[in-house]
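The report starts with the strands and then turns to the ligand.

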Amino acid sequence: MKLIQTEDGSYTAFNKQYQEKYHSISGAIEEAFEKHVNALKLKDGMKILDFCFGLGYNSIAATKDHQDLKVIGLENDKKILELMKTIKIPKMLEYEYNNFRNLAENLKIQDAQNNIIKILIGNALEKIDKLPNNYFDRVFFDPFSPKKQPEMWTEHIFQKVFNKMKPKAKLSTYSCAKQIRKNMISVGFKVIDGPIVGRKSPATIAIKRS
Ligand SMILES: C[S@@+](CC[C@H](N)C(=O)[O-])C[C@H]1O[C@@H](n2cnc3c(N)ncnc32)[C@H](O)[C@@H]1O
């Protein structure tokens with residue numbers, strides 16, 4: 001798989017099937033912190049769904065300065081998990097990343113701060129049905145773009161994700177496309193602008209109304 005260095009020094013991958021990068025070129029790890037972890041104001045002990053785990057930057061960034069997190073990551077490509085073993089990580093996330101480099105082999109890993117990341121391998125569109133309802137406090141929603149992967153951004157899928165979230169739980173995603181926000185709103189989410197990072201338009205935060 002082709003790796004590309006982004007502007008914060010971290011690496012992203014390029015997916016040949018979808019002809020798309022996994023992260024913004026302005027900074028893969030910056031994106032994890034700014035669009036997801038910091039935007040969702042995590043607290044220790046939260047339960048997190050990482051919908052499209054990839055290289056795990058969002059979930060692993062979440063473990064920095066937090067404890068007792070329970071993360072479930074959905075991912076269908078074992079090759080991207082294998083890449084975690086060797087990919088070079090900037091100093092600011094290296095310690096945390098090293099804790100979880102072996103997820104391809106041990107699909108569940110616990111760090112010294114009692115943060116647990118567990119991966120379910122397979123199609124996220126189906127695996128999500130195996131998860132408990134009203135369970136997650138936060139969701140990192142990070143498939144390839146709506147243009148390349150429209151099936152991931154439908155009302156049907158947002159309804160499933162919504163059902164898995166607790167009342168007042170929050171979801172972060174990079175897309176602010178009108179139709180995507182419309183789909184979120186139609187299943188009951190309140191939608192607000194997320195941070196503007198690496199491009200002109202904002203990310204999106206969706207909140208489950210209580
Ligand atoms: C944009 S990348 C996610 C980047 C990731 N959050 C990270 O920090 O590296 C999208 C990921 O979704 C995965 N994916 C695509 N379709 C999927 C599906 N139907 N089920 C599970 N994973 C899928 C891809 O293999 C890829 O790793």
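## Strands and ligand surroundings

Strand 6 (residues 108–110) and strand 7 run antiparallel and are joined by three bridges. Here strands are DSSP runs of E with at least two residues, numbered from the N terminus, and two strands pair if DSSP finds at least two bridges between them. This is a predicted model, in which local features need pLDDT of at least 70 and side-chain atom pairs count only at pLDDT 80 or more, while totals for chains, interfaces and linings use all residues. Residues are numbered from 1 along each chain as its sequence is written, and side-chain values use heavy atoms, with hydrogens and water left out.

Within strand 7, lysine 118 is the bridge partner of lysine 108. The hairpin of strand 6 and strand 7 has five residues between the strands, and in this hairpin asparagine 114 takes a positive phi near 65°. Strand 7 (residues 116–121) also pairs with strand 5 (residues 70–75), this time in the parallel sense and over six bridges, and lysine 118 of strand 7 stands opposite isoleucine 72. Strands of a sheet pair through backbone hydrogen bonds, either parallel or antiparallel.

Another part of the model holds an open sheet of three strands in the order 1-2-3, with antiparallel pairing. Its edge strands, each pairing on one side only, are strand 1 (2–5) and strand 3 (20–21). Strand 1 pairs with strand 2 (residues 11–15) over four bridges in the antiparallel sense, and isoleucine 4 stands opposite threonine 12 of strand 2.

Which residues are closest to the ligand? They are Leu55, Glu75, Ala124, Asp142 and Gln149, among the 21 residues that surround the ligand, where a residue counts as near if one of its heavy atoms lies within 4 Å. By class, this shell has 10 nonpolar, eight polar and three charged residues, with Ala, Val, Leu, Ile, Met, Phe, Trp, Tyr, Cys and Pro counted as nonpolar, Asp, Glu, Lys and Arg as charged, and the others, Gly among them, as polar.

| Ligand atom | Protein atom | Distance |
|---|---|---|
| nitrogen | polar side-chain atom of aspartate 142 | 2.7 Å |
| nitrogen | polar backbone atom of cysteine 52 | 3.1 Å |
| oxygen | polar backbone atom of tyrosine 57 | 3.2 Å |

Of the 600 Å² of accessible area that the ligand has on its own, the protein covers 96%, with areas taken from the Shrake-Rupley method with a 1.4 Å probe.

How values were computed
Polar contact = N/O pair within 3.5 Å; in protein donor to acceptor, adjacent residues only side chain to side chain.
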